[in-house]
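Please read it with the sequence and the structure side by side.

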Amino acid sequence: MTGNIVSFDIGSAQIKLVWCAGGVCKAAVSAPVPDGLVRGGTIVSMDAMADLLRQLAKENNLPRSAQAAVILPAPLVFTRITELPPMTEGQLTYNLPFEFKDYLTQEKSRYYFDYAVQELVRGEDDSVTRMKLFACATLKTTIEDYRSMMNRAGFKLKLALPEEAAYAALLTDCIRRTQPESRDYCLVDVGHAGIRMFILRDDRFITRRTIDLGMLDLIRSISERQGVDEHIALTHMLSNYEGAMTDPASMDLYHRMAAEITKAVNFYNYNNRQQELTDLCLCSGGCNIVPLRQALAETTHLHLHTAQELLGDDVTLDEPWMYLRAIGGVDEGLRGGLQ
């Protein structure tokens, strides 16, 4: 890994920045998102976010000369797996918009389209008969909004990418380094608003599942039980005040989360019996909750991987689980993306 790039992963509750230069992770920074600035994963005020990012960069001595990669939130990008006959790059450019005809809400000329070839299917004579693609589409105005935000923050936007591509880039390095026996992975992101599960085979995105249980449910449960507002409940959660993280109601929530994750894994395995999913990779701050990890181990009976396992010994961070998507953004940023 070479180059000089800062990757921005802006979530509903936390901002994560990772700066890499010359093949070395120089800094990883996280900060809370001010109330109301991000709603449903979408930034409400690009100018306010740009000013916040500029301040974070200044406080942490991040170089303004670095290029920027940003992870696009799911509501702003369409992604899908598709198969097409073998085509030239020019033919793909023409045909790819038609693969999104059931998703686009505006004229196709208003969108950027991009793709990654996941597999070339060959016939008996070894000629390519089909192309399996991971494809994505996002409005041109979305990219321009992010470009303007990065400019105001003092950075030059190099690329924007969906989170599926960031996780795939992360797994590419992990698989090359570890050469695992099983190459089906489920990355579990226990986020603020809910749980998102990304299932990949090797470095190829297969499917995603969402579960409407997240850290906000835990915060609200603590708020109700302790009779405090949600901001105080968050501090009680972080400090485990009066056993907020381990009382029966919290433990019940962890086991509900684990049960829903197990259902999603079982459903995937039922439909993919030739290659059973056996590995869970834990991402995000929610997965650092020890009782939740224990509930997942007891309920799923799957092999749980930590964030540090995915990153390897060469990358050492205080809270690696916070930065996986951003690090994947760095990896992909060095190869290109939605310009």
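Two strands are taken to pair if DSSP finds at least two bridges between them. The model described here is predicted. Together β2 and β3 make a hairpin with 2 residues between them, and in the turn G22 has a positive phi of about 60°. Across the pair, L17 has V29 in β3 as its bridge partner.

An open sheet of 3 strands is arranged in the order β7-β9-β8, and its pairing is antiparallel. Its edge strands are β7 (78-84) and β8, each of which pairs on one side only. Neighbouring strands of the sheet are turned against each other by 20° on average, direction ignored. Between the antiparallel strands β7 and β9 there are 7 bridges, and L84 stands opposite M131 in β9.

Helix α3 (residues 140-153) lies across β8 and β9 and runs at about 60° to β9. Within β9 itself, where T138 is placed, the side chain of T138 reaches the backbone oxygen of L76 at 2.6 Å. T138 counts as buried because its relative accessibility is 1%, which is under the 20% limit for that class.

## The five-stranded sheet

A further open sheet is formed by 5 strands in the order β13-β12-β11-β14-β15, this time with mixed pairing. The edges are taken by β13 (204-211) and β15 (303-305), each of which has a single partner strand, so one side of each is left without a neighbour in the sheet. On average, neighbouring strands of this sheet are turned by 25° against each other, direction ignored. Strand β14 (residues 279-283) pairs with β15 in the parallel sense over 3 bridges, and L280 is found opposite L304 in β15.

Which residue does the side chain of D184 meet in a polar contact? D184, placed in strand β11, makes this contact with the side chain of R201, at 2.9 Å. Because its relative accessible area is 0%, D184 is classed as buried. When residues up to four places away in sequence are not counted, D184 touches L200, R201, Y268, Q275, L277 and D279.

## Helix α4 between sheet and helix contacts

Helix α4 (residues 163-178) has 16 residues and spans 23 Å from its first C-alpha to its last, which is close to the 22 Å expected at 1.5 Å a residue. The helix lies across β11 (184-190), β12 (195-201), β13 and β14, running at about 50° to β12. Most of α4 is covered, with 12 of its 16 residues buried; among them are E163, E164, Y167, L170, L171 and I175. Just after the helix, Q179 takes a positive phi of about 50°.

The axes of α4 and helix α10 (residues 324-333) come within 7 Å and cross at roughly 80°, which means that α4 is roughly perpendicular to α10. The residues of α4 in this contact are E163, A165, A166, Y167, A169, L170 and D173, and they meet L324, R325, I327, G328, G329, D331 and E332 in α10.

## Positive phi angles in two loops

Most residues other than glycine have a negative phi. Against that background, D126 has a positive phi of about 70° although it is not a glycine. D126 is found in the loop between β8 (111-122) and β9 (128-139), and it counts as exposed because its relative accessibility is 51%, the cut-off for that class being over 50%.

How accessible is N240, and where does N240 lie? N240 lies in the loop between α6 (230-239) and α7 (248-271), and its phi is near 55°, a positive value in a residue other than glycine. At 32% relative accessibility, N240 counts as partly exposed, because that class covers values between the limits for buried and exposed residues.

Terms used: Residues numbered from 1 in each chain as written. Heavy atoms only, no water. Helix = DSSP H or I, 4+ residues; strand = E, 2+ residues; numbered from the N terminus. Expected span 1.5 Å × (residues − 1). Buried < 20%, exposed > 50% of the residue type's maximum accessible area, 1.4 Å probe, protein only. Axes fitted to C-alpha atoms, helices over the stretch in contact; angles between N-to-C directions. Contact = heavy atoms within 4.5 Å. Polar contact = N/O pair within 3.5 Å; in protein donor to acceptor, adjacent residues only side chain to side chain. Parallel < 35°, antiparallel > 145°, perpendicular 65-115°, else oblique.
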